[in-house]
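Hi,

Here's the structure I promised to pass on.

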Amino acid sequence: YGDSSFGKGCLLARRLIEQGVTFVEVRHGNWDTHDDNFTRTKGLIEPCDPAVAALIADLKDRGLLEKTLIVWVGEFGRTPRINPRTGRDHWPRNFNALIAGGGIKGG
């Protein structure tokens, strides 16, 4: 899960799900990379990858993934162009999401 607050939140989420909690939210905020996009995005992604991967793997190992839907989304897409501040601005015409578990076929 990692030693980040997001990783600790994902571990807590798994523990809550194991106890029967039906809705859990884990936040990892401020993805507004209007400036210095490349450095800031790297710092935002680094704690997410191990935490989300560990959460999915642990839920699967415990037989909970099929009945747990994981939805990881942001508030806006980002422009495909880099602005003069080496950032990426809001672009509401696109959006990203990760969805796993809940009976959804992976792949």
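Predicted model: local features only at pLDDT ≥ 70, side-chain atom pairs only at ≥ 80, totals over all residues.

Helix α1 covers residues 5–18 and helix α2 covers residues 37–61. They pack with their axes 8 Å apart, at an angle of about 15°. Angles under 35 degrees count as roughly parallel, so α1 is roughly parallel to α2. The crossing of the pair is right-handed.

If you want to click through the contact, the α1 side has F6, G7, C10, R14 and I17. Across from them in α2 you'll find P47, C48, A51, V52, L55, D58 and L59. Sorted by class, that contact between α1 and α2 has nine nonpolar residues, one polar and two charged.

The largest pocket holds about 1,300 Å³ of space. It is lined by 39 residues, and the ones closest to its centre are V26, V71, W72, V73 and G74. As for which elements take part, those giving two or more residues to the lining are α1, α2, β1 (69–73), β2 (77–78) and β4 (97–101). Strand β1 gives the most, with five residues. By class, the lining of this pocket splits into 20 nonpolar, 13 polar and six charged residues.

The chain has two helices and four strands, and along the sequence they follow the pattern α-α-β-β-β-β. Taken along the principal axes, the C-alpha atoms of the chain fill a box of roughly 50 × 30 × 20 Å.

That's everything from my side for now.

Cheers

How values were computed. Residues numbered from 1 in each chain as written. Heavy atoms only, no water. Axes fitted to C-alpha atoms, helices over the stretch in contact; angles between N-to-C directions. Parallel < 35°, antiparallel > 145°, perpendicular 65-115°, else oblique. Left-handed = near helix turned anticlockwise from the far one by under 90°. Contact = heavy atoms within 4.5 Å. Nonpolar A, V, L, I, M, F, W, Y, C, P; charged D, E, K, R; others polar. 1 Å grid on protein atoms, 1.4 Å probe; cavity = no way out; pocket = protein on both sides within 12 Å on 5 of 7 lines; lining within 4 Å. Points joined across faces, edges and corners; volume = space filled by probe spheres on them.
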